[in-house]
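Me: I would like to go through this model term by term. Please set each value against its definition.

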Amino acid sequence: MQDLIWLLPTYPVLGFFVLVLTAGRLPKNIVAIIGAGSVGLSFFTAVIIATQFLSSGENYFIKEVWTWMAVGNFSPGFNFYLDGLSLVMMLVITGVGFLIHLYATGYMADDPSYSRFFSYMNLFVAAMLMLVLGDNLVVLYLGWEGVGLCSYLLIGFWYINPDNGYAARKAFVVTRVGDTAMALGLFLLFTELDTLNIQDMLYAAESEWEVGNDLAVAAALLLLGGAVGKSAQLPLQTWLPDAMAGPTPISALIHAATMVTAGVYLIARTHILFELAPSVQELVGWVGLITLLMAGFIALTQSDIKRILAFSTMSQIGYMFLALGVGAWSAGIFHLMTHAFFKALLFLASGTVILSLHHEQNIFKMGALRQKLPVSFFSFLIGSLALTAFPYTSGYFSKDEILIAAHGLEGPGIIFFYGGVLGAFLTGIYTFRLFFIVFFGDSNAAHPPEKEYGGWNMNGPLILLMILSLVGGFIAVPLDPVFGHHEEHHVSGLLHGFMIAVPLVGIAISFLFFYTKTFSVEKLMSNTFAQTLHKFWNNGWGFDWLYDRFIVFPFLWLARINRADIVDGFYTLIVEISRTANVMIVKTQTGYLRWYALSIAAGLLLLITIGVLL
Amino acid sequence: MESIPVEHGLILAAILFSIGLIGVLTRRNIVFVLMSLEIMLNAGGLAFIVGASRWGHAEGQIMFLMILTLAAAEVAVGLGLIIQMFRRYKTVDINVLSEMKG
């Protein structure tokens, strides 16, 4: 049965082809069955494979399908590699992916491009599965670019509005910067180690390079470049908030649960390389820490429900990077999994809210939705609690592990720890700010909802994700064989209490500001400094401004001054010369026979004269 | 019998050729152009004959026979074209056939 692992991406690929080739001619319920059913079949197969794999007791399993290409000693295979890490990823992608597909059958029901939507979604799932199941970096890169393409297509899904097209292009170009770095990393690894098979490559790296080797540092840095691009971390984070232009199920699937965590997967997959380059590994931690704090502050000031969740996603991926940076590989992946549950839940619930309010996304135009939208309310309650690491929800276990591991690290560990705790504090504030504003207080809606949007196919996934968000922390991830068993870190009971209390304090502050209104935001915002800071954070720490000034504008300037096309001038010159010559010579062609005869005679005479004289 | 010096024959051929060429270049009536062409061909033929008799070779005579055939064929085709031209343009002035210019 494990041999059937190749079926996992095959189902969605088949679904994609059927939907693409029928070009929207199928009725919607058939499209829904094909679109969601193919991913459901994948999930079903994945579960069977997972149970067999876990009961077999093997540490890994390789299924060779075919050799993709063979050039000299470079012959990447289209092979599948299953171990604890890819097992977790595979189940998250197909499981959460299936729930989101099911939700989307209801969410997109009124969209005229229903079939196109599901074809892209299926292609995405297939590419993502290739990414996590490939046994070499070439197949991984294929999936990596495949998900990038689908992300582009789906952000710009409603392409009629040019803003969406702009957001899609921005996401594509910014991630391409990281992908270029990653491609260079692959070239470097291949020239140095002669293989791109991940396990062979890691083995060769371990035996050929000592810790701190310059090449290992360079390779790890380049891979990190790819990872920060895909996972929207500093300095390539600017595309993620704009990516919210896509339909909400896309935000849940691609920009929260799966694709944006591909960077985390990549680093975890090549973790031996990062252990050989401790400086880069520490850099991963710093990137994560700075991103998580930055995104937390930005989320405090946003007013669009999806953008708040987007910055929160950025911040949570920051936690995963922090975990990778301190060497807590399993904790990072564990957080990836729990985050997929509760962030998918939050995004899908926000989708229900948005549809019930007739496409309203501004939280200040919501309010008092608690009774009107009970399913969304409970989804948000549970999702928010898990996000803020409320004790015994899923987020609590994973975030706890990360922070404890950070605390156990020498050197910058203590900064990572307190930074992470500060991030948790911010998470508490911004998450419940959203929660209280949307579901309590007075209704500010322009069109108050009559009833909650959605049938069983939308509420079912929400309920399942609620359960997973609550109990997902008790799932034991089989990651020890992959990363080796790490020593358990412990913190004192007092410190642990502090870690639990801090997010609760954040929630309490939100409660006082936005529920009881004991403190007023207006009063806080009354002085200029606060207003400037608010504006600064609201604009994402000015990164867009900075990139516009230093990259986009100079590029546009270059394009403008080169509009006359300087290089092309040379070729235009050649054309001009031939044209002038043509104009001159064309005059000799008079059409008179005698003229031609004279030319022949004259030419002949000239040749004979030359012949005689020489 | 006193043989004619080869130079005389060649000079005659050259004169004939020049007359023909001048005819081709200056005549406007296409029939005369065709006749001038015949003169040029025969000038060439004469040069072959003179050369052949000087060195006692048969090839020159064979070449002349070929030129004769060629001239006959050329006249046949040429006259056919002239008749077509006359039908279409109602004239034999060669300058009306100058439409193909650059």
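Me: What distance separates the centres of domain 1 of chain A and domain 2 of chain A?
Reply: The centres, taken over C-alpha atoms, are 70 Å apart. The bounds are 2-519 for domain 1 and 565-613 for domain 2. They come from an automatic or database domain assignment. This is a predicted model: local features need pLDDT of at least 70, side-chain atom pairs pLDDT 80 or more, while totals for chains, interfaces and linings use all residues. Residues are numbered from 1 along each chain as its sequence is written, and chains are lettered from A and ligands numbered from 1 in the order written.

Me: Why is H13(A) called roughly antiparallel to H14(A)?
Reply: Helix H13 (residues 278-301) and helix H14 (residues 305-325) of chain A pack at about 160°, with axes 7 Å apart. Angles over 145 degrees count as roughly antiparallel, so H13(A) is roughly antiparallel to H14(A). The angle is taken between N-to-C directions, on a scale from 0 to 180 degrees, with axes fitted to C-alpha atoms over the stretch in contact.

Me: Which classes do the residues of the contact of H13(A) with H14(A) fall into?
Reply: They divide into 16 nonpolar, 9 polar and 1 charged. Asp, Glu, Lys and Arg count as charged; Ala, Val, Leu, Ile, Met, Phe, Trp, Tyr, Cys and Pro as nonpolar; the others, Gly among them, as polar.

Me: What makes a residue buried, and what share of chain A is buried?
Reply: A buried residue has 20 or more other C-beta atoms within 10 Å of its own, with C-beta atoms placed from the backbone. Buried residues make up 50% of the 614 in chain A.

Key: Helices (H or I, at least four residues) and strands (E, at least two) are DSSP runs, numbered from the N terminus. Angles under 35 degrees count as roughly parallel, over 145 as roughly antiparallel, 65 to 115 as roughly perpendicular and the rest as oblique. A residue is buried if 20 or more other C-beta atoms lie within 10 Å of its own, exposed if 12 or fewer, and partly exposed in between; C-beta atoms are placed from the backbone.
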